[in-house]
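Morning, everyone. Please look at the chain on the screen while I talk. I'll take it piece by piece.

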Amino acid sequence: MPTLAEKKAVVEEITENLNAAGAVYIANYSGMSVTEVNNMRGEFFEDNIKYKVYKNTLVKRAMEEVGGYEDLYPHLVEQNGFAFVEEELAAPAKVIKKLYEETERPKFKAAVIAGDFYGEDELNTLAAMKSKSEVIGDIVGLLLSPVSNVVSALQAPGRTIAGAIETIAEEGEK
């Protein structure tokens, strides 16, 4: 049985993980084989997701210390694993969904992402969220779109200033 000092050290570790995380996911891993759990840990590791198994009571103490996790308290029952992620907030949902489709385990229970609560019925929504790098790519594409229109206008037939202006004007009317 862990000593009081050991429990305090674990609560401190959980508190650090909560403070560093942009998202916290809870998944029930009961019924999973050792091989399945190791596979899941590997998937999380590849996506830079910290996955830990803690006692629910210690997680609740840490959540109470940090604050903002009250919606997760009812889900702190059974055998839970906790996924902490800093930047790619949808990454744990994608891993959990993929594994659940293959083996019907782990069962997603809930998540808090940037202070917002998501219940077990919202896994598909979370998994469909774009990653930070995908969103940045979309923004860059939108920013470059007008530049590519100007370049194509300059390369328009006739390659004259008048032709370029005419092409740009036509693009603007669309």
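**A walk through the model**

Let's start with Glu-64, which is partly exposed, at a relative accessible area of 45%. Here are the cut-offs: buried means under 20% relative accessible area, exposed means over 50%, and partly exposed lies in between, using a 1.4 Å probe and protein chains only.

A word on the source. This is a predicted model: local features need pLDDT of at least 70, side-chain atom pairs count only at pLDDT 80 or more, and totals for chains, interfaces and linings use all residues. Residues are numbered from 1 along each chain as its sequence is written, and side-chain values use heavy atoms, with hydrogens and water left out.

Back to Glu-64. Glu-64 belongs to helix α3, residues 56-66. Helices (H or I, at least four residues) and strands (E, at least two) are DSSP runs, numbered from the N terminus. Now find Thr-15. Thr-15 and Glu-64 are 49 residues apart along the chain, and their C-alpha atoms are separated by 9.4 Å.

Next, the sheet. In what order do the 5 strands run? The order is β2-β3-β1-β4-β5, in an open sheet with antiparallel pairing. Two strands pair if DSSP finds at least two bridges between them. β2 (50-52) and β5 (116-119) stand at the edges with a single partner strand each, so one side of each has no neighbour in the sheet. On average, neighbouring strands are turned by 15° against each other, direction ignored. Zoom in on β2. It pairs with β3 (residues 80-85) in the antiparallel sense, over 3 bridges. Lys-50 has Phe-84 of β3 as its bridge partner.

Now two helices. Two packed helices are described by the angle between their axes and the distance between the axes. Helix α2 (residues 34-46) packs with helix α4 (residues 91-103) at about 150°, and the axes are 10 Å apart. Axes are lines fitted to C-alpha atoms, for helices over the stretch in contact, and angles run from 0 to 180 degrees between N-to-C directions. So α2 and α4 are roughly antiparallel to each other. The cut-offs: under 35 degrees is roughly parallel, over 145 roughly antiparallel, 65 to 115 roughly perpendicular, and the rest oblique.

Who makes the contact? From α2, the residues include Met-40 and Phe-44; from α4, they include Val-95, Ile-96 and Leu-99. Contact means heavy atoms within 4.5 Å. The contact residues divide into 6 nonpolar, 2 polar and 3 charged. Ala, Val, Leu, Ile, Met, Phe, Trp, Tyr, Cys and Pro count as nonpolar; Asp, Glu, Lys and Arg as charged; the others, Gly among them, as polar.

On to the loops. Is His-75 buried or exposed? At 17% relative accessibility, His-75 counts as buried. His-75 sits in the loop between α3 and β3. Leaving aside neighbours within four places in sequence, its contacts include Ile-26, Lys-109 and Phe-117.

Glu-78 is in the loop between α3 and β3. At 54%, Glu-78 counts as exposed.

Most residues other than glycine have a negative phi, and most peptide bonds are trans. Glu-78 has a positive phi of about 70° although it is not a glycine. Asn-48 has a positive phi near 60°. Asn-48 lies in the loop between α2 and β2, and is exposed at 68%. Finally, a cis peptide bond joins Arg-105 and Pro-106, with omega about -5°. Pro-106 is in the loop between α4 and β4 (107-113).
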